[in-house]
Amino acid sequence: MSRRVVPRRPSAPAVQPIPSAEPALAPDALEALLRLAREAVAAAVAGGADPDPVAVGAPEFLGPADAFVTLRHRGRLRGCIGTLGAGWPVGRAVVHAAGLAATGDPRFEPVRPGELAGLDLEVSVLGPPRPLADPADFVAGRDGIVVEARGRRALLLPQVATEMGWGATEMLDAVCEKAGLSSDAWRERGTRLLVFEVERAAGPA
């Protein structure tokens with residue numbers, strides 16, 4: 001299942017623990033991010049203004065982190081967009097991703113108001129990426145993967161491996177294909193691989 005990163009206008013204001021010195025998001029913060037995504041999806045579908053993540057008042061929302069929002073309608077993918085390297089506060093990243101997943105994923109028509117009742121949301125907050133020196137260390141289902149080579153870049157969230165029943169090789173092949181590279185480009189010396197883990201929250205829209 002593909003995951004696409006799409007930039008949004010600059011003015012536009014979801015698990016395993018992340019192995020870093022930064023504290024993981026608390027469960028209530030993840031739930032608050034899910035509510036924020038819900039509001040952003042509803043606003044985007046209605047053509048209204050984005051919700052203000054600062055107004056929620058959660059201090060965790062001020063820390064920088066990339067985020068993806070995945071939408072499914074009655075079990076089928078309906079949109080998935082996120083940020084990568086934006087450096088935004090996580091609340092802003094979630095609002096950005098949710099709005100575009102609902103109305104700006106070029107693979108799908110915009111979500112219609114009548115679809116909201118059957119929509120499910122998943123928010124994925126990305127932990128800090130770290131270089132993958134040895135592809136043998138990649139753990140499918142735990143690690144997300146970013147590939148960079150020959151001016152191309154692509155990302156797959158860790159849950160894609162679980163959803164597709166893929167092992168490490170299949171994930172590495174797939175992220176290369178998504179980037180428009182040969183499936184075995186991850187074996188080449190000039191290819192850069194990064195891994196990350198995510199914290200997730202999911203629920204109905």
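Are R78 and E115 buried or exposed? In this predicted model, both R78 and E115 are buried, and their side chains meet in a salt bridge with 2.8 Å from N to O. R78 belongs to strand β3 (residues 76-82), while E115 sits in the loop between α3 (90-103) and β4 (119-126), so the pair ties together parts of the chain that are 37 residues apart in sequence.

A histidine belongs to the surroundings of this pair. H73 is placed in strand β2, and, when residues up to four places away in sequence are not counted, H73 touches R78, E115, G118 and L119. With a relative accessible area of 18%, H73 is buried, because the limit for that class is under 20%.

Strand β2 (residues 67-73) also holds R72, which forms a salt bridge with E163, where the closest N and O atoms are 2.7 Å apart. E163 lies in helix α4 (residues 159-164), and the pair links distant parts of the chain, 91 residues apart. The two partners can be read separately for accessibility: R72 counts as buried at 18% relative accessibility, whereas E163, with a relative accessible area of 35%, is partly exposed.

A further salt bridge joins E122 to R200, with the closest N and O atoms 3.1 Å apart. E122 counts as buried at 10% relative accessibility, while R200 is partly exposed, its relative accessible area being 34%. Side chains of opposite charge can pair when their charged atoms come close. By the rule applied here the count of salt bridges comes to 12, and R130, R142, D143 and E197 are linked in a network of such bridges.

The account now turns to a sheet. Four strands form an open sheet in the order β5-β8-β6-β7, and their pairing is antiparallel. The edge strands are β5 (130-131) and β7 (152-156), each of which pairs on one side only. Strands of a sheet pair through backbone hydrogen bonds, either parallel or antiparallel. Between β6 (residues 144-149) and β7, the antiparallel pairing runs over five bridges, and E148 stands opposite R153 in β7. Helix α5 (residues 168-178) packs on this sheet, where the helix touches β6, β7 and β8 (192-196), and the direction of α5 makes about 135° with that of β7.

The last element to consider is helix α1, which covers residues 27-46.

Conventions
Residues are numbered from 1 along each chain as its sequence is written. This is a predicted model: local features need pLDDT of at least 70, side-chain atom pairs count only at pLDDT 80 or more; totals for chains, interfaces and linings use all residues. Side-chain values use heavy atoms; hydrogens and water are left out. Two strands pair if DSSP finds at least two bridges between them. Helices (H or I, at least four residues) and strands (E, at least two) are DSSP runs, numbered from the N terminus. Contact means heavy atoms within 4.5 Å. Axes are lines fitted to C-alpha atoms, for helices over the stretch in contact, and angles run from 0 to 180 degrees between N-to-C directions. A salt bridge is a side-chain nitrogen of Lys or Arg within 4 Å of a carboxyl oxygen of Asp or Glu. Buried means under 20% relative accessible area, exposed over 50%, partly exposed in between (1.4 Å probe, protein chains only). The expected span of a helix is 1.5 Å times one less than its number of residues.
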